[in-house]
Structures are given as C-alpha cells and as structure tokens.
Amino acid sequence: SPLPPRMAAATMCGAGPAGSARLGEDLPPPGPDVGPTPPRRSGRRPASSPALQLPCDDAAIAALLSPRKLALDCGGASAGGVEATKLLKASFGSLSDNRAALDLTGPFKDAERAVLLDSETRHVLAAAVVHVRAGSVLEVPLFATAKKFRGQGFGSALYAALAGLGRRLGLQTLVVSATDESRAFWVRQGLHAKTFCGAAEKSAMSSLEQRGLVTSFQNTTLMAAPIPQGLEPPPLALDQRDRDRLPGLKARAAASTHCYEDINDKGSFWVAADGSRQWRAPYPADEMLTGVDPNVKWVPYKELEAFFAGPTRGWGLRCTRDIKDTEFVVEIVGRCLSFEEYEQLEDKTYAVGFPENISEAKRAAGDRLQYIDPKTEGGLWRFINDSEEAPNLRLVYIPRFEKPSAKNP
C-alpha cells in the first residue's frame with residue numbers, strides 16, 4: 001500500500017549525550033572555592049583599534065567562573081593563542097577564505113576575543129569573537145566549544161559570562177551567528193531565530209541587517225535574546241550530575257504515574273461499536289520498520305524514560321545512552337481515530353495526525369486512519385515535546401509515502 005499506516009520517531013541530528021531530551025549543556029560539579037581567578041587580557045590588537053571594551057575584570061564574572069576552576073581571557077587576535085584560533089576556524093568552515101574574523105581585521109577591527117580557560121591547565125575550553133554594536137547590541141559572530149570538552153557545560157559558561165559582560169556594559173540584546181549544529185544549544189540558552197524572537201530582539205536584528213552591521217556566515221542563522229538585567233550575571237546551566245539525579249520513569253512507572261496504559265508491545269488499535277478493542281493486524285514483513293533498511297536499528301524501549309524537565313518544559317523523554325543518527329527511537333502507538341472521531345475528542349492534546357498530502361491520499365483510498373491518540377493508551381512517545389526551531393527528532397512514515405498515480409494506484 002502506498003499509504004503509511006504507521007509512524008515512528010527517528011533522530012535526524014546525530015548522536016547526543018543522554019539521548020533526545022536535553023536541558024542544556026552539562027557542567028562539572030564545582031570544585032573547592034579557591035578564590036576568584038582574575039580574568040586576564042592578552043593578545044595583539046590592530047593599531048587603529050580603540051581601547052579594549054569588554055569589562056573582563058568584572059568581579060561578578062570571576063566569582064561566577066572561579067568556583068568551577070574557570071577563567072576568562074579577553075583581548076585581541078592572539079587571545080587564547082593558536083589553540084583558540086584553531087578552535088574557531090574548525091567550527092566555521094566558511095572562514096577558510098576569510099580570516100578577518102580570526103585576525104580581527106577589516107569589519108572586525110573593533111571586535112575582541114573572549115576565551116574560556118581551565119584556570120589550572122590553561123587549556124582553551126571555548127572561545128568567541130565579540131563585537132559591541134550601536135543600538136545596545138552585543139554581537140557574537142563566532143562562538144565554539146572545543147570538541148573534546150563539549151557536553152560539559154563550558155559553552156553555557158562562556159555564554160553566561162558574555163551575557164554578564166553585556167549587562168555590565170548596559171547592552172540590551174545579544175545576537176549570534178548559529179551553525180546548524182549549534183542551533184539547539186542556542187535555543188537552550190534562550191536565543192531564537194528572527195521568526196521566533198520577541199519584538200525588541202526582532203527589531204534589533206532588522207536594524208543591524210538594514211545597516212549592514214551584523215555578520216552572518218555561510219550556513220548560519222542569526223539568533224538573538226534579551227541580555228538578562230540585574231546585579232548578578234545569569235546562572236550557569238544545570239550540572240550534568242544534578243540532571244542525572246533527576247528521577248526518571250521507565251515505561252511501567254510512567255504509565256502508572258500519568259494514568260495511561262502502555263501498549264508499546266501491542267501496537268495501535270481501533271475501538272469497535274461495542275467498545276472492544278480491535279488491534280491492527282500484524283504488519284507484512286516488507287512494512288516492518290526494521291525491514292525498511294537493513295541498517296536501521298531501534299533504540300531499545302527499556303532504555304527510554306520519562307523525566308520532569310522543570311516547570312517551563314514539563315515532562316520530556318530521554319534515553320540512557322547516546323542515540324545514533326537515523327536510529328528509530330520509538331513507534332507512535334495508541335488509539336486509531338478517523339477524522340470524525342478526532343473531532344469528537346474533548347482533549348486533543350496528545351493526538352498526532354498525518355501531513356495533509358498523506359491525509360488526503362488516505363481519504364481518497366478509503367483509509368479511515370487519520371490520527372493516533374495516546375492519552376489513555378499509548379507509550380513513552382507521548383512525552384516527546386515539539387521543537388520547531390531546533391528539532392532533534394522527526395516523524396517517519398512507514399512505508400514510504402508515494403503519491404498515487406496510474407502506476408501506483
């Protein structure tokens with residue numbers, strides 16, 4: 001049949017620690033308080049550039065970083081040394097033919113580097129190029145975390161420091177050039193693309209773009225957020241070990257806690273006129289998810305768990321191991337609904353439907369299945385949250401949809 005009867009969620013953004021649900025980058029636990037580690041300035045500035053602008057000697061920033069044995073190095077093109085230059089260059093492939101952002105020349109002559117260091121080993125953990133723009137904007141055209149240190153919260157720490165510096169300067173908006181890979185990170189920090197921004201941030205980006213004052217590299221997206229105001233710099237991201245201690249619920253416990261029946265091992269069903277369940281027939285071998293591609297693999301259901309991600313995000317779904325790109329995560333199972341049955345639902349919160357092109361083809365073929373509702377019978381997939389801006393999962397329809405034609409009625 002050309003009409004997909006099943007849906008499954010699969011990754012589309014590659015592997016990530018702790019699977020598909022992320023709260024933010026991880027931070028190692030604080031070490032003993034060894035006293036503030038003063039940020040230091042270094043590096044060469046072009047002779048025509050004005051004095052350094054970033055107040056990296058801010059005591060509040062040092063107090064934010066020093067308990068975690070971190071330090072901030074601000075300065076010119078040699079701040080952070082060759083290690084920082086290599087990091088920034090490797091993270092932005094489009095810089096190979098344009099070194100102005102690395103050398104802080106041309107349109108970047110008034111910019112600075114801000115480098116997050118391990119205060120003991122002096123290893124470069126993360127680095128950024130920062131530009132103060134007219135209109136109370138702190139622009140970050142380049143930002144990167146060293147690959148071997150990713151997932152440990154150092155990117156979040158550098159962002160918190162930069163936001164704190166922007167606050168100290170009285171700036172209102174932080175604008176970044178986000179690569180496809182980093183977009184989810186920036187969303188977790190509270191930044192959004194222009195379409196999803198607040199009115200003030202949208203106006204700031206438009207103004208900079210119209211005046212040609214904002215930098216956007218190839219394959220990057222401009223994202224922005226208001227700079228937090230107040231006496232203290234923004235807090236660092238939740239520690240990974242603290243996050244790991246957040247209680248997770250396996251399938252049976254999640255179903256009991258949230259008052260639904262887990263039917264992941266049974267599949268979807270229709271409700272007959274007499275109220276009985278009519279389970280969907282077993283799928284033909286060529287329509288089994290694992291038979292679509294011999295390389296497709298499932299995430300074991302026992303490795304998924306629901307967890308409470310805080311009052312803003314509510315409940316989410318995570319995996320206890322890394323998920324590889326294109327792995328199937330979980331099948332969409334629940335009560336099957338026709339369009340008419342869906343319209344009669346009092347609570348449509350959990351129901352998932354097919355895209356319009358598939359839905360129309362299904363109606364034309366006399367296929368009643370238009371929605372699947374897991375509210376009272378479903379699986380752990382009901383805890384997956386939507387993300388329009390930086391999704392790490394996508395719905396896959398099996399078998400692959402083929403538009404009806406004379407050759408494919």
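Hi everyone, let's start with one cysteine: C319 is buried, because its relative accessibility is 3%. Buried here means under 20% relative accessible area, exposed means over 50%, and partly exposed lies in between, with a 1.4 Å probe and protein chains only. C259, by contrast, counts as exposed at 66% relative accessibility. How many disulfides are there? The count is zero, where a disulfide is a pair of cysteine sulfur atoms within 2.5 Å.

A quick word on the source. This is a predicted model, in which local features need pLDDT of at least 70 and side-chain atom pairs count only at pLDDT 80 or more, while totals for chains, interfaces and linings use all residues. Residues are numbered from 1 along each chain as its sequence is written, and side-chain values use heavy atoms, leaving out hydrogens and water.

Now the overall picture. The protein has eleven helices and 21 strands; these are DSSP runs numbered from the N terminus, with helices being H or I of at least four residues and strands E of at least two. Of its 409 residues, 51% count as buried.

The largest nonpolar core holds 55 residues. Such a core is a set of buried Ala, Val, Leu, Ile, Met, Phe, Trp, Tyr and Cys residues joined through side-chain atoms within 4.5 Å. Helix α4, residues 154-168, gives this core its largest share, nine residues. Among the residues with the most contacts inside the core are L158, L162 and W186. Leaving aside residues up to four places away in sequence, L158 touches several others, including L72, L116 and F143; contact means heavy atoms within 4.5 Å. There is also a second, separate core of 29 residues, and A251, V299, I332 and C336 are among them.

Two strands pair if DSSP finds at least two bridges between them. Strand β14, residues 304-308, pairs with β15 over five bridges, and F308 has W315 in β15 as its bridge partner.

Finally, helix α11, residues 356-364. Which residues are buried in α11? They are I358, S359, A361 and K362. These residues lie on the same side of α11 because they cover an arc of only 165° around the axis, taken from the directions from the helix axis to the C-beta atoms. The buried residues of α11 pack against β21 (393-398). Just after α11, G366 takes a positive phi of about 80°.
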